[in-house]
Amino acid sequence: MTTPAGAPGYREISPSEAQWAEIPRRLPRPVAHRISWLLALLTAAGIFLGFRHWADLEGDAWAGGYRLLDVLGLASIGLMVFFSLGGWYLHRFNMGLSPLLLGLAATAHTLDSSPEAPFWWAGTLLAGFWLLVDFLFLLRQTLQVRSLARSLPPGSELIPERSSRTKLLLGTVAEGLWALGAGLLAAGLWWWTLQIFSEEQGRTAIELEQASESDLWAAPALLAAALSVVLLLRVALRCCARRLVGRYAWHLPFGAGPVELSWLDGERAGGQINTARDTTEYRCICVAELVQMFPEDEQDIRSSSEVSASNHCPIHGIDAINLLEPRDFASLAGSLWLWDELSPLPHVDSASSGSPLLIGYCGGAFPGYPGTSSTTGTVEILDDAESAVEVGRNEEEGTPHPASAPSVGVVDKINLRPFGINGHAVRFQHARAWFVPET
């Protein structure tokens with residue numbers, strides 16, 4: 001891949017585990033959005049019950065001639081019914097949709113001089129206040145991220161590959177394109193609504209048999225318009241956060257933090273050897289043993305970049321691990337074959353070339369993309385990687401908790417802290433070593 005001359009780069013920074021964990025977290029997104037939905041549901045249900053609207057179901061849908069205000073009123077009520085019933089499943093957008101849809105209903109009822117209007121406005125203010133509280137938490141988090149990024153010693157500048165630049169750009173404008181699409185859809189639906197309304201205007205509910213068609217089209221038009229506004233606001237927040245924080249490539253510790261690190265753990269598992277690097281020693285029997293056990297898979301085994309290490313290999317086996325001197329063991333701590341497949345893995349030299357990165361992280365407004373750096377000073381987003389996932393307050397990360405080391409068969413323990421690794425290794429008679437991080 002090529003890198004264009006003059007392409008803006010991302011400055012490398014490496015927060016410690018404590019610094020990464022201290023970044024404030026927002027409420028878990030599903031919880032925050034569903035609280036907003038619940039405010040809308042309680043408002044709609046309270047008005048329905050308080051004004052005994054079940055008794056109005058047999059009456060006229062509107063009084064007098066059909067007006068555009070009646071279209072808006074009926075459409076807003078239909079939208080609130082839909083949102084109350086289905087908003088639980090739309091939690092990604094509820095924080096913005098809830099005050100907007102409540103505000104539409106409040107405006108329509110105010111213009112119609114309805115006694116319900118103050119109650120719709122009360123719901124709108126509550127949902128708007130919850131949105132403001134969430135925004136203030138996001139602002140606090142973003143400012144903390146900016147402060148941390150500027151306080152860390154800057155490393156070298158990494159230039160994104162062309163494909164990664166494209167993905168980072170799309171990560172910013174994708175929701176803008178969705179917002180444009182929703183806006184165009186809303187415009188088209190409104191045009192069609194007005195065409196139908198022109199034939200229904202001025203007619204009574206009895207003449208239209210208690211059912212107009214224009215309000216049925218106005219409801220999705222209003223929803224599309226509201227969704228367009230929500231998406232535009234999210235794009236604006238993302239752009240502001242990226243400008244406020246700056247361009248950084250974060251070398252992350254493996255401890256808990258505000259972003260789920262599942263893509264890092266998923267690529268690293270103990271008990272593996274690199275067939276190109278670790279099998280150059282002629283005494284290594286790892287590949288040969290696998291081929292002997294699974295002759296039908298010989299071609300796949302020999303073409304694999306990583307295979308399971310043999311427990312009996314004179315180079316990568318359990319006895320070979322237990323014979324290593326502590327300093328030699330520590331120097332090999334980054335080798336996967338030292339560790340049991342269920343063991344946590346040590347965090348060795350987080351700023352080394354080729355190590356995983358989080359590119360462009362700016363807080364919850366833009367969680368960034370996972371990537372890798374190279375020795376040539378470039379950075380590339382991992383294949384098929386989606387945007388990183390934000391971890392909320394008191395929310396466990398999506399990765400499973402590591403298993404515990406065996407309690408029997410211990411050979412010795414090696415303190416790795418003198419070698420710059422925060423933890424110790426436990427070696428066993430009949431198993432590969434386990435890494436125990438310091439807590």
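What follows looks at nonpolar packing and aromatic pairs in this predicted model.

Start with the inside. The largest nonpolar core counts 29 residues, and W20, L168, W250, L358, I359 and Y361 have the most contacts within it. At least two residues each come from β1 (10-13), α5 (117-151), α7 (214-245), β3 (248-250), β6 (356-359) and β8 (378-381). Helix α5 is the top contributor, with four residues. As for L168, once its neighbours within four places in sequence are set aside, its contacts are Y10, R242, I359, F366, Y369 and I381. There is also a second, separate core of 27 residues, with L290, C313, L324 and I421 among them.

Now the rings. Nine aromatic pairs turn up in total. W250 and Y361 make an edge-to-face pair, because their ring centres sit 5.5 Å apart with the planes at 85 degrees. That pair bridges distant parts of the chain, 111 residues apart: W250 belongs to strand β3, Y361 to the loop between β6 and β7 (369-373). W250 is buried, at 0% relative accessibility, and so is Y361, at 1%. Ring pairs also bring W20 into a cluster with W250 and Y361. Elsewhere, F329 and W339 pair edge-to-face as well, at 5.4 Å between centres and 90 degrees between planes. F329 is in helix α12 (residues 326-331) and W339 in the loop between α12 and β6, so this pair ties together parts 10 residues apart in sequence.

A surface patch made of F129, L132, F135, L136, L139, L143 and L237 has about 600 Å² of accessible area together. Helix α5 supplies the largest share, six residues.

Notes
Residues numbered from 1 in each chain as written. Predicted model: local features only at pLDDT ≥ 70, side-chain atom pairs only at ≥ 80, totals over all residues. Heavy atoms only, no water. Core = buried A, V, L, I, M, F, W, Y, C linked by side-chain atoms within 4.5 Å. Buried < 20%, exposed > 50% of the residue type's maximum accessible area, 1.4 Å probe, protein only. Contact = heavy atoms within 4.5 Å. Patch = residues over 30% accessible without salt bridge, like charges linked within 9 Å, V, L, I, M, F, W, Y side chains within 5 Å. Areas by Shrake-Rupley, 256 points an atom, 1.4 Å probe, with all protein chains shown as cover. Salt bridge = Lys/Arg side-chain N within 4 Å of Asp/Glu carboxyl O. Phe/Tyr/Trp six-rings, centres within 6.5 Å; stacked < 30°, edge-to-face > 60°.
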